[in-house]
Amino acid sequence: MRAKSPALDRFRIVAAVLVTAIHTSPLATYTADGDFFLTRVLARLAVPFFFLVTGYFLSRSEWSSLPRFLKKTGLLYLAAMLLYLPLNLYSRNLSGWENMVRGILFDGTFYHLWYFPAVLLGSLLSFLLSRRGPRFALTAAGLLYLIGLGGDSYYGLISSLPFGKACYDILLSVSAYTRNGVFFAPLFLLLGAYAKRRNPRLCLVGFLLSFAAMSVEAFLLRAAEAQRHDSMYLLLPFCSLFLFSLLLSRNSGQNRDARRFSAVFYVVHPWCIVLVRGAAEVLGLEAVLVRNSLGHFLAVLLLSAAVSLSAVFFLPRRPSETGRAWCEIDLRALRSNTFLLQRKAGAHSSLMAVIKADAYGHGAIPCARTLRRCGVRAFAVATLEEGIALRRAAVRGTILILGYTPPEEADLLVRWRLTQAVMDEPYARQLAAQGRRVIVHVAVDTGMHRIGIPVEEVAAFRRIYRLPHLRFTGIFSHLCTANGRSPEEKSFAQMQTNAFLQLVSVLRSCGCPVGDTHLLASAGILRFPPQPCSHVRAGLALFGAWETQEERDESCGLRPVLSLRARIVSVRRLETGERAGYGLAFEAMRPTVLATVSIGYADGLPRNLAARGGEVLLHGKRVPIVGRLCMDQLLIDATDAGETHGGEIVTLIGRDGEERISAEELAGRCGTITNELFSRLGSRLGRCILP
Ligand SMILES: *Cc1c(COP(=O)(O)O)cnc(C)c1O
């Protein structure tokens with residue numbers, strides 16, 4: 001696979017150096033204008049850049065990583081506050097509890113630490129705003145930014161207006177600056193969240209023009225003596241967005257060491273300023289290391305870099321998601337499939353997204369958030385736990401539990417506003433007997449004989465609708481031969497459909513509150529004409545997959561969402577006649593390059609894959625899996641794939657270069673269907689969400 005150029009992560013280091021420049025004024029000894037340009041204009045791009053990348057990465061997982069991010073950043077903030085406690089005590093900065101609270105919530109307790117409360121508060125606010133859609137979120141954040149501007153670079157102009165000064169003085173008594181998590185951070189976080197790859201040349205031109213304009217803006221404001229502070233400009237969001245898009249257009253992969261380095265650098269550089277000053281005094285080098293601004297800057301830079309490098313080296317780190325074996329999830333494909341299925345469902349039906357079994361192994365929370373953004377308002381899962389997990393992740397809308405929930409759990413159904421499927425008449429009675437106002441959809445057995453009240457027992461339905469407490473909001477059935485091609489299968493599906501629609505109209509005419517109706521699942525949506533139902537229930541098709549290779553219809557335009565990849569562990573050469581693996585099941589029929597791959601049946605691959613002629617992609621070529629599949633590893637014959645070494649990536653499902661292995665192919669080989677294959681992909685696999 002392609003060489004990686006993690007432009008975004010690398011630029012973090014540049015941004016950290018720019019922040020150091022702000023705090024050391026490298027050119028102050030030589031030119032006041034030059035220093036203003038460097039530290040109050042150019043370097044002001046640094047912190048917005050940090051917010052943009054943060055927003056970008058948070059939105060890539062549809063904000064599902066927000067809790068982890070908040071926790072991690074909160075801990076780092078706590079550590080940083082402790083680190084600067086000695087300096088604060090020494091300078092008696094934190095007198096009075098009011099100051100303390102304000103310091104912790106907004107100003108960060110030490111001058112550069114304001115970034116942490118800003119990113120914590122800002123990302124929370126941005127997440128809440130983004131739930132109302134991009135336009136609303138960006139408008140709201142833009143307005144907040146404009147308010148912030150009045151307390152920053154434009155204070156001089158605003159405070160000359162009637163009430164201007166009074167209003168801002170109230171604001172500024174709460175937070176020392178308007179550059180904080182409410183007025184400053186959300187706009188940049190959201191710009192990052194909605195940023196897309198664009199033409200790099202366009203971005204460069206846009207950046208140069210907007211930066212030139214921002215420089216003019218800054219010098220004019222300085223000349224007018226309007227600036228109370230100098231970190232917000234009208235043109236800063238534009239400049240930052242162009243710069244970010246430029247880097248994004250060149251970005252691939254990540255460099256986590258660069259991330260850690262820049263984070264530590266940011267935190268420690270003010271301590272390094274203190275240490276450099278102290279050392280200069282002790283050594284009598286103040287002329288070079290303190291009074292000369294460039295010397296001072298360079299000394300601080302070197303010391304900060306040394307400290308950060310050692311920290312990167314010594315601090316513990318989390319394993320990478322793409323280190324061993326992982327699923328790659330393409331949320332763009334999920335979006336495109338969602339729109340396609342919505343069109344197929346017809347104008348009168350809306351999509352109910354079936355995201356049981358962790359969205360068929362694709363990750364229920366990021367998928368649910370993506371689906372919501374595409375306008376999906378109804379979801380279905382299999383279990384109570386799956387439903388609660390979605391609610392805990394703030395997924396709104398209908399969540400129908402298709403599987404069994406013990407009636408005694410009725411209070412949980414009510415508490416989490418989950419809709420329960422009614423399995424049969426006895427179940428309905430038990431549920432009603434709990435005395436809780438449970439929302440239910442009634443299942444109808446139209447011939448599958450799995451769950452539901454038999455379609456012909458109209459009297460049973462009427463008894464159920466008279467039960468107390470239950471709130472009926474829907475009725476549904478399920479086809480069991482929708483993907484069959486034979487005339488019998490087709491006519492059975494037709495019979496089920498007719499029976500269901502007939503029942504619904506009878507119940508309606510008896511005044512039963514049937515509510516929403518739904519019948520078709522993926523195969524039905526794709527193969528049958530739209531039905532007069534309120535919803536269709538799409539599961540597998542959302543993920544761009546079909547149950548089997550035979551059904552797969554490339555022309556319909558669904559795109560696969562999941563790729564499965566793993567690393568090569570080790571490579572060795574076997575002579576002709578040498579054997580390998582459990583039971584020595586593989587025998588080399590020629591001089592063979594044998595590579596071990598870090599994925600096995602404990603990750604969800606069917607164990608018979610090797611015996612059934614399974615293949616993987618290496619360097620864009622198909623190579624066979626050989627020997628017996630192990631729990632955590634498998635062997636491939638890499639002889640024909642060119643020079644191979646440990647750490648390289650092989651593809652089990654998905655595309656590599658021109659070649660592709662579909663999930664249907666893999667499932668078909670093992671005698672199963674994609675649904676089973678996906679739902680068994682183990683929790684041990686990493687999950688990496690594509691931008
Ligand atoms: C799983 C399930 C679905 C979704 O089926 P797909 O074929 O994956 O679209 C729909 N309805 C019910 C009742 C289900 O159990």
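At what angle do helix α7 and helix α10 pack, and how far apart are their axes? I looked this up in a predicted model.

**Entry: the helix pair**

I took α7 as residues 134–150 and α10 as residues 185–193. The angle between them is about 145 degrees, and the axes lie 8 Å apart. I noted the crossing of α7 past α10 as left-handed.

Next I listed the residues that meet. From α7 these are Ala137, Leu138, Ala141, Gly142 and Tyr145. Their partners in α10 are Pro186, Leu187, Phe188, Leu190 and Leu191. Sorted by class, this contact has nine nonpolar residues, one polar residue and no charged residues.

**Entry: the ligand**

I then went through polar atom pairs. The side chain of Lys356 places an N or O atom 2.7 Å from an oxygen atom of the ligand. For Arg537, a polar side-chain atom is 2.8 Å from a ligand nitrogen atom. His478 has a side-chain N or O atom 3.5 Å from a nitrogen atom of the ligand.

How much of the ligand's accessible area does the protein cover? I recorded 88% of the 390 Å² that the ligand has on its own.

Definitions and conventions. Residues are numbered from 1 along each chain as its sequence is written. This is a predicted model: local features need pLDDT of at least 70, side-chain atom pairs count only at pLDDT 80 or more; totals for chains, interfaces and linings use all residues. Side-chain values use heavy atoms; hydrogens and water are left out. Axes are lines fitted to C-alpha atoms, for helices over the stretch in contact, and angles run from 0 to 180 degrees between N-to-C directions. Helices (H or I, at least four residues) and strands (E, at least two) are DSSP runs, numbered from the N terminus. A crossing is left-handed if the near helix is turned anticlockwise from the far one by less than a right angle, and right-handed if clockwise. Contact means heavy atoms within 4.5 Å. Ala, Val, Leu, Ile, Met, Phe, Trp, Tyr, Cys and Pro count as nonpolar, Asp, Glu, Lys and Arg as charged, and the others, Gly among them, as polar. A polar contact is a pair of N or O atoms within 3.5 Å; within protein, one must be able to donate a hydrogen and the other to accept it, and residues adjacent in sequence count only if both atoms are side-chain atoms. Accessible areas come from the Shrake-Rupley method with a 1.4 Å probe; for residues, only the protein chains shown count as cover.
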